[in-house]
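Subject: Structure for you to look at

Hi,

Here is the structure I promised to pass on. My notes follow below it.

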Amino acid sequence: MTDERTRREKRLREALAPTGWTKSARRAMARTDANGTTWHCTLEPAEDDGAPETLRLEIRGAGRSFSADYVLDVMGAADPAGFFDGPVDRLDELLDVIAGLPTAVTGRTLTDKVLLPLLVRTAVFTGRFGVPLRTSGFHKERLPRPASAPLPQASAAALAAPHDGTRWLDAAFAALDADFPHLTLTALDRALAAGADPAVPELWRAWLLRSVDTGEALAALDRAAAAGGGVTGLARCLQGTIHQLGGDAERALEAWERAMLEDPDDPYGWGVRGLALAKRGRTADAAGVLADAVARHPGDATLHYYLGYARTLLGDAEGAFDALDEAIRLRPSLAGEILPDPDLAGLRDHERFASLTSARAADNGQEAEVTESLRRLATAVASQGTKGANDWRRARLITSVGGDEEGRTDVSYTSAQGRELDLKVDPKAVRPLLYALERSLPDEPTTVELDVHAAGWFEALTAPGVRGSHRRNQIVHVLGRPGGPCGDPGDVPGGPDDPTEAGDPAEARRLLHDYLGLRAGITGAEETLPAPDPERADRLAWLAREYGMALPADLRALYDVADGDGDLGLLDGFEWFTVSALEDHLVNRWWTVDIHQNTWIDGAVSDSGPHAAVRRSHDRPGWIPFAYGSSLDYLAVDLDPAENGRPGQVIRIGTRRPYAEYVADSVTSLLRGHVEALRQGRFTDEDGWLTIDLAGMGREDDHGGACHARGTLGYGDIGERTLTLDARANGDLDLAAVRNAPLLREARLFCGSADLAPLNDVPVRTLDLDLRALDLSPLAGHATLRTLTLKAPHAVDLTPLLRAGRLNGLDLSQATVRDITVLGGLQRLRHLSLSHEQWQELWAQGVTPPALAVAILDGDHSPSTRADWLNQLTAAQATPAARQYIGAFPTTGG
């Protein structure tokens, strides 16, 4: 241990000991408060893997009521170069803050009392290679937040023009986007010193300092309000909230009244003041303020909700229901707050309470029979939830009805905290109700999504004829544009280097005979296979003529011995098809159901078998299934292999597999593996059912295909056989070493920033980029990139992607985009995933990617929002793609 490290550990002990901390380990101190909360503070030295020196602060509430883990950047490793003069060492400052932290901390006060005092002084992470902590609440979503450049560029621009307040303001918002409030506060101060308009900077300074320096926060809000700039009302609302949290109710009311009077065009101030008056017993005043508010802002659903509450307190039930009806009509999701609201308990026995959703239902044009079927189904789902848990708040049922096959039904339950509950639904309780719902809907395949709320209301969408996948946090819709200019990624290789089959018909027949004999010797029972199909020659010849390819010779030879295995599951548990079943699967291709909807067109990179033996497709005409496992999982012969494969090789395919998986170079080799396993005793026998260990056949070949790097990416981490890369770092990541990986196909980067230029020198096809500073310009002209997922806190410039000629899959749902109209220029883009706000912006600009085939709405949205999205997406259709439903149902309590 160095002398410097010893001195720093001593400083840790000396700073914390006077306030009740005791030594718990060599570099750690601990404290237990009177309320049972425990604290641990550890000094973690810099490591060779690139991890910087940090302070780790762990807080646990009594009885595990809450927990928090903060990793504090001591040496400014996350700060942009040049942002502060000279080297940064914040150890003493941070220890002084930690020593002064209050003891009466709860989960509710953790952010204001602990996190904010740390965040305004340094970067705070979730782990040594984690993400910066993000704070929310306290009106943050309402504060103006202009788009900014990535933090390194914004910081460099500000440092180059230190007297330009606009540049420093851009740097402040870039830091805010990157979740570095300490940099934001510094940049805001410099923007004001350089003469920037004070309205917005002072507003954000107050937000950051609200619990760190209350007096300065209130003064900053006075300066913001005086500056105007459209933030006067918001500044007064923030002042009122600060006074409220400080226990000064009268000054809070005065501030909220000033918000209403000084900025009457902002509905927020009206609502805050009206609600505050009602809570303080000034009911008539509240009702008057809110009546004036809805007259001025008739489209604001929240104001109508507050007015309904105020009228309830006044005993005006009819007036309350009129206001609440209008609130739900304007925004259906408000039913989730209104129906369980304990402040509206006085209305529950009123005849109008059960029909609070009627106004919205009328707007939807709901069909009575469908609504009643959904009501009964919602009641059953709610009853099942109540039997399993008392704390469920929402259930979501997703199913498909109609058509030739019964669709799968998924039901999930969520707690009030947003946690998914492990509850199971009795199929007998819902199946008859699903059949009744199906009878009430059009006679065609229909997707149904039903949200059931414990408060006693439901919301649903029905989408006849819609093809796609509906999931808890995503909805996928196929637009019905097959083909397109981008082709199939598996088409890129020209064909196998060795075009001959590896199988041997005579050996295959002999191995099958030996295999059956070995099985009989183990189980004591001789297994008889079905006689060969007398029409097999004609059937197989027809398939060869119809599809332009014949079965491999060894598999044809086996059909001369038997017509499948009679459901014995001889091949690694897979049941060998009859010739008739093989023909049926080849014609109907059952295993391809929803493949193109549920996966990116580029798919994943398989680490199984030899590299580049199987084409990177989700389905190909040359894949012929000949054995069935379960859940649409198959063994198939591959007559169209990639460059390192052989015609007739065996692969696994199926709806639930993200890629085809290599098994063996032929059916002959597959049988040989079974025979060798039995001869070597690599099996288990459970009542005559043999489970055979095929010794890795079809599993990952030992070619070091995956690279996982943390902190740094060195030349020794990645090599010529690397196929996938997962790299994480808190700061900058040097990617130069990826040039050592000529086979790299997939990369996921999670870091502060990275120069992406080295990726242009490798044939990467799938990129997942989660960077706090993201510049896509090095990817312009990339020759092989096909799918790209982006996540960045700042506005990303997509223009370089116009020159990424093979790009056909793009996920922007967790990114902010500088100019979304660029998507209209991506001529080969077929798969697009956006957030709801991004889709709205795209349509507002009148832009649609010309080749778009699969559209994805990301996020946990209500059925009405999803239905609106589907209908906007398919606006050219004669009839809406989706119908909305809303209604109430009786809860257990009556």
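**Salt bridges and accessibility**

Glu318 is partly exposed, with 42% relative accessible area. Here buried means under 20% relative accessible area, exposed means over 50%, and partly exposed lies in between (1.4 Å probe, protein chains only). Its partner is Arg352: the two side chains meet in a salt bridge, at 2.7 Å from N to O. The pair links distant parts of the chain, 34 residues apart. Glu318 is in helix α14 (residues 317-330), and Arg352 is in the loop between α15 (335-338) and α16 (358-364). Arg352 has 19% relative accessibility, so it counts as buried.

Before going on, the ground rules. This is a predicted model, in which local features need pLDDT of at least 70 and side-chain atom pairs count only at pLDDT 80 or more, while totals for chains, interfaces and linings use all residues. Residues are numbered from 1 along each chain as its sequence is written, and side-chain values use heavy atoms, with hydrogens and water left out.

A salt bridge here is a side-chain nitrogen of Lys or Arg within 4 Å of a carboxyl oxygen of Asp or Glu. Helices (H or I, at least four residues) and strands (E, at least two) are DSSP runs, numbered from the N terminus. The search of the whole structure finds 60 salt bridges.

Another one joins the side chains of Glu507 and Arg672, at 2.9 Å from N to O. Glu507 lies in helix α19 (residues 505-523) and Arg672 in helix α24 (residues 667-679), so this pair ties together parts that are 165 residues apart in sequence. Arg672 is partly exposed, at 28%.

Arg60 forms a salt bridge with Asp69, and the closest N and O atoms are 2.9 Å apart. Both residues are partly exposed: Arg60 at 32% relative accessibility, Asp69 at 31%.

There is also a network of salt bridges. It links Arg394, Arg396, Glu449, Asp451, Asp860 and Arg866.

**Strands**

Six strands form an open sheet, in the order β1-β2-β3-β4-β5-β6, with antiparallel pairing. β1 (22-25) and β6 (124-125) stand at the edges. Each has a single partner strand, so one side of each is left without a neighbour in the sheet. Two strands pair if DSSP finds at least two bridges between them.

Inside this order, β3 (residues 38-44) and β4 (residues 54-60) pair over seven bridges, in the antiparallel sense. Trp39 stands opposite Ile59 in β4.

Next, a hairpin. Strands β19 (residues 683-686) and β20 (residues 689-692) run antiparallel and are joined by four bridges. Thr684 stands opposite Thr691 in β20. Two residues lie between the strands, and Asp687 takes a positive phi near 55° in this hairpin.

**Surface patch**

Which residues form the negative surface patch? They are Asp734, Asp755, Asp775, Asp797, Asp819 and Glu841. Patch residues have over 30% relative accessible area and no salt bridge; like charges are joined within 9 Å, and nonpolar side chains (Val, Leu, Ile, Met, Phe, Trp, Tyr) within 5 Å. Asp755 sits in the loop between β24 (746-754) and β25 (766-773).

**One more position**

Pro162 lies in the loop between α4 (151-160) and α5 (165-177). Pro162 is partly exposed, with a relative accessible area of 42%. Pro162 and Ala888 are 726 residues apart in sequence and 60 Å apart in space, C-alpha to C-alpha.

Best wishes

Conventions: Areas by Shrake-Rupley, 256 points an atom, 1.4 Å probe, with all protein chains shown as cover. Lys, Arg positive; Asp, Glu negative; His and termini not counted. Charge placed at Lys NZ, Arg CZ, Asp CG, Glu CD.
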